Amino acid sequence: MAAARAARTALALLTALALAGCGAEVAETDTKDAAEDTAKGAKSSGHYPVTIENCGVKTTFDKAPRRVVTNDVGIAEIMFALGLEDHMAGYVAPDYKGDRESVAWKDGYKKVKWLSKKEITKEIVLDAEADLVFAGWNYGFGEGNNFTPAGLKKLGIGSYVLTESCRNNGNATSRGVMPPLEALYTDLETLGKVFDVEDRAKKLVDGFKKQVADAQARIPEGRKPTVFLYDDGRDKPLTSGAFAGPHDIITKAGGDHVMKDLKDSWTSISWETVVERDPDVIVINNYGDVTARQKKDFLKSYAPLAGVSAVKNDRIFVLDYVDLVESPRNPAAIAALAAYLKGVREQ
């Protein structure tokens with residue numbers, strides 16, 4: 001154990017000394033890396049340096065990061081969708097039970113090392129020799145676990161913060177600075193600049209926008225069903241405000257998000273609020289140790305909810321976690337929910 005700690009400390013010092021300019025840039029470590037840089041030729045030298053803005057912070061990259069570590073499944077899939085597996089040292093994510101085979105970027109899970117199923121730590125990223133960590137506030141970053149962009153910078157490791165999780169007005173408790181789909185498109189376009197794959201990013205964004213537009217074109221006129229997102233929680237429900245993915249998924253699918261006035265991303269409210277707003281539909285976030293079936297059984301058996309329209313009429317729809325957090329699966333989730341809500345309208 002002592003030897004391992006000493007090795008990690010030495011690695012951190014060497015990494016810090018290797019930096020030049022941006023926290024995401026690391027000096028060449030071997031002749032193979034140098035050869036790869038030379039092979040990129042004029043294209044790379046013409047693109048860099050590039051300056052981007054992420055959660056209000058400007059950062060200049062003199063070259064593309066080569067050993068990115070991501071936290072959480074949605075963030076890993078943003079990198080996979082952009083075709084950036086070769087720039088990744090690995091990903092941290094829980095044992096995700098959802099479908100990995102139906103997405104175009106499924107091979108990313110085979111190409112990139114799964115570093116841990118537990119919480120991301122400085123030790124994990126140091127052992128991976130990361131030059132950039134892509135995570136979010138409450139998606140890995142947090143003062144409580146002493147894992148922050150500022151702390152990583154001291155170790156010579158750069159950070160990119162998931163835009164959905166940006167803190168608003170410097171507030172450490174509430175998150176979100178733009179509509180969720182805009183946050184997804186912003187991250188794809190910004191990372192396209194960082195990694196010199198802007199054409200690929202544009203193609204993805206254009207395709208996602210068309211997918212959303214096609215789903216919306218099939219939404220019938222008339223009253224919008226009201227929708228509540230249930231993440232988890234018995235004493236208090238964890239739900240989505242206006243700045244988390246479910247808000248845009250619900251509204252773009254033709255629903256009326258009952259928590260649209262909550263200027264936050266993911267947060268807890270009271271059951272009294274749910275009863276008062278009486279949603280027509282409840283969407284369950286399927287993840288974790290409590291299954292979607294168990295969550296549905298709880299909702300249907302919890303006495304205070306007995307009179308709520310969604311519970312009374314058994315209008316409960318399930319989406320997976322990766323559909324609902326910021327990820328390239330959001331547009332497909334919109335199409336799936338739009339089809340369900342169309343059925344609700346026709347009942």
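Before we start, one term you'll need: two parts are in contact when heavy atoms lie within 4.5 Å of each other. An axis, in turn, is a line fitted to C-alpha atoms, and angles between axes run from 0 to 180 degrees between N-to-C directions. Keep in mind that this is a predicted model.

**The big picture**
- The protein has 347 residues, and 52% of them count as buried.
- You can pick out 15 helices and 14 strands.

- Mean pLDDT comes out at 87, and 85% of the residues reach 70 or more.
- Residues 1–44 are another story: their pLDDT is below 50, though in the model this stretch has 49 contacts beyond near neighbours in sequence.

**A four-stranded sheet**
- Four strands make an open sheet in the order β11-β9-β13-β14, and the pairing is parallel.
- Which strands sit at the edges? They are β11 (256–257) and β14 (316–320), each of which pairs on one side only.
- Strands in a sheet pair through backbone hydrogen bonds.
- Strand β9 (residues 226–230) pairs with β11 over two bridges, in the parallel sense.
- Valine 227 stands opposite histidine 257, which belongs to β11.
- Helix α12 (residues 292–301) lies across β9, β13 (281–286) and β14, and runs at about 145° to β13.

**Two helices side by side**
- To describe two packed helices, you give the angle between their axes and the distance between the axes.
- For helix α9 (residues 198–217) and helix α15 (residues 330–346), the axes come within 9 Å and cross at roughly 5°.
- Angles under 35 degrees count as roughly parallel, so α9 and α15 are roughly parallel to each other.
- On the α9 side, Phe208, Gln211, Val212 and Ala215 meet Pro331, Ala332, Ile334, Ala335 and Ala338 of α15.

**Zooming in on one serine**
- Serine 240 lies in strand β10 (residues 238–240).
- Is serine 240 buried or exposed? Buried means under 20% relative accessible area, and serine 240 has 0%, so it is buried.
- Leaving aside neighbours within four places in sequence, serine 240 is in contact with Leu229, Pro246, His247, His257, Met259, Ser265 and Trp266.

Technical notes:
Residues are numbered from 1 along each chain as its sequence is written. This is a predicted model: local features need pLDDT of at least 70, side-chain atom pairs count only at pLDDT 80 or more; totals for chains, interfaces and linings use all residues. Side-chain values use heavy atoms; hydrogens and water are left out. Buried means under 20% relative accessible area, exposed over 50%, partly exposed in between (1.4 Å probe, protein chains only). Two strands pair if DSSP finds at least two bridges between them. pLDDT is the predictor's confidence in each residue, from 0 to 100. Angles under 35 degrees count as roughly parallel, over 145 as roughly antiparallel, 65 to 115 as roughly perpendicular and the rest as oblique.
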